[in-house]
Amino acid sequence: ESQELEIWPWVIKIHTLGHFEILCNDIPLQSSIKTQHKPLDLLKCLCAYGGHAVNRNRLIDALWPDAEGDDGERALRTTLHRLRKLLKQDESILLEGHHLSLNPGYIWVDCLAFDRIAHRPDITDRVSLQHALNRYRGNFLEGETSSWALACRSRLRNHHMSLSERFGQLLERDNNWSDAAACYVRAIEINPVAETFYCRLMNAYAHLGRRAEALAVYQGWRQS
């Protein structure tokens with residue numbers, strides 16, 4: 001349960017949704033971070049693969065696809081050492097056998113927290129849905145073009161779209177068209193090609209008597 005709470009006193013917090021940032025004891029990690037490309041790639045890749053018991057070979061294939069023989073294994077060990085040094089916590093990344101994990105006692109990650117909330121079976125009421133949607137502050141590692149990042153981004157965005165549709169439907173049933181419209185606007189900002197939300201937003205504006213805005217949405221939809 002505590003893994004979902006950003007306000008918990010985590011030693012390390014990692015933001016990947018909307019922007020990438022590492023906080024150590026709530027202070028942004030900035031010193032030399034721009035030069036630490038491969039350790040950061042390893043950290044991002046661990047986040048994309050769920051952060052728990054990620055097979056070393058999977059990481060090597062993702063980050064060093066051209067490595068031959070033991071080169072990939074050596075590169076992973078070196079990069080893991082540099083990442084732990086960057087985070088200033090040797091216990092932050094666990095290596096157990098052939099698997100790496102983000103230590104849940106030290107590290108909180110926004111995308112992993114969102115993923116857990118999105119899969120909870122009790123996400124059916126307005127409060128729970130709003131809580132889940134508030135966790136999603138933007139797409140995963142926007143701008144990152146690696147295949148592992150693209151796959152995770154698409155999966156998390158699909159979860160956000162599904163939750164947004166369920167939340168909007170509840171608001172519509174309550175005739176809360178204003179909040180429903182705001183929900184659909186946010187969904188379109190996250191995924192501008194999500195056709196269903198243009199239709200729902202136009203319907204919400206129509207119920208609110210905001211015909212000019214409904215027309216503008218239609219025109220924006222045609223151009224998307």
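A residue is called buried when its relative accessible area is under 20%, exposed when over 50%, and partly exposed in between. The exercises below use a predicted model.

**Exercise 1.** Classify Cys199 and Cys24 by accessibility.

Solution. Cys199 has a relative accessible area of 34%, so Cys199 is partly exposed. Cys24 has 13%, and is therefore buried.

**Exercise 2.** How many disulfides does the model have?

Solution. A disulfide needs two cysteine sulfur atoms within 2.5 Å. For Cys24, the closest cysteine sulfur is that of Cys47, at 13 Å, which is too far for a bond. For Cys199, the nearest is that of Cys183, 15 Å away, and Cys199 is in no disulfide. The count comes to 0 disulfides.

**Exercise 3.** Describe the setting of Asn139.

Solution. Start with the chain: Asn139 is in the loop that lies between α5 (126-135) and α6 (147-173). Next, accessibility: the value is 7%, so Asn139 counts as buried. Then the neighbours: leaving out residues up to four places away in sequence, Asn139 touches Thr16, Leu17, Gly18, Arg153, Arg157 and Ile190. Last, the side chain of Asn139 makes a polar contact of 3.1 Å with the side chain of Glu142.

Terms used
Residues are numbered from 1 along each chain as its sequence is written. This is a predicted model: local features need pLDDT of at least 70, side-chain atom pairs count only at pLDDT 80 or more; totals for chains, interfaces and linings use all residues. Side-chain values use heavy atoms; hydrogens and water are left out. Helices (H or I, at least four residues) and strands (E, at least two) are DSSP runs, numbered from the N terminus. Buried means under 20% relative accessible area, exposed over 50%, partly exposed in between (1.4 Å probe, protein chains only). A polar contact is a pair of N or O atoms within 3.5 Å; within protein, one must be able to donate a hydrogen and the other to accept it, and residues adjacent in sequence count only if both atoms are side-chain atoms. Contact means heavy atoms within 4.5 Å.
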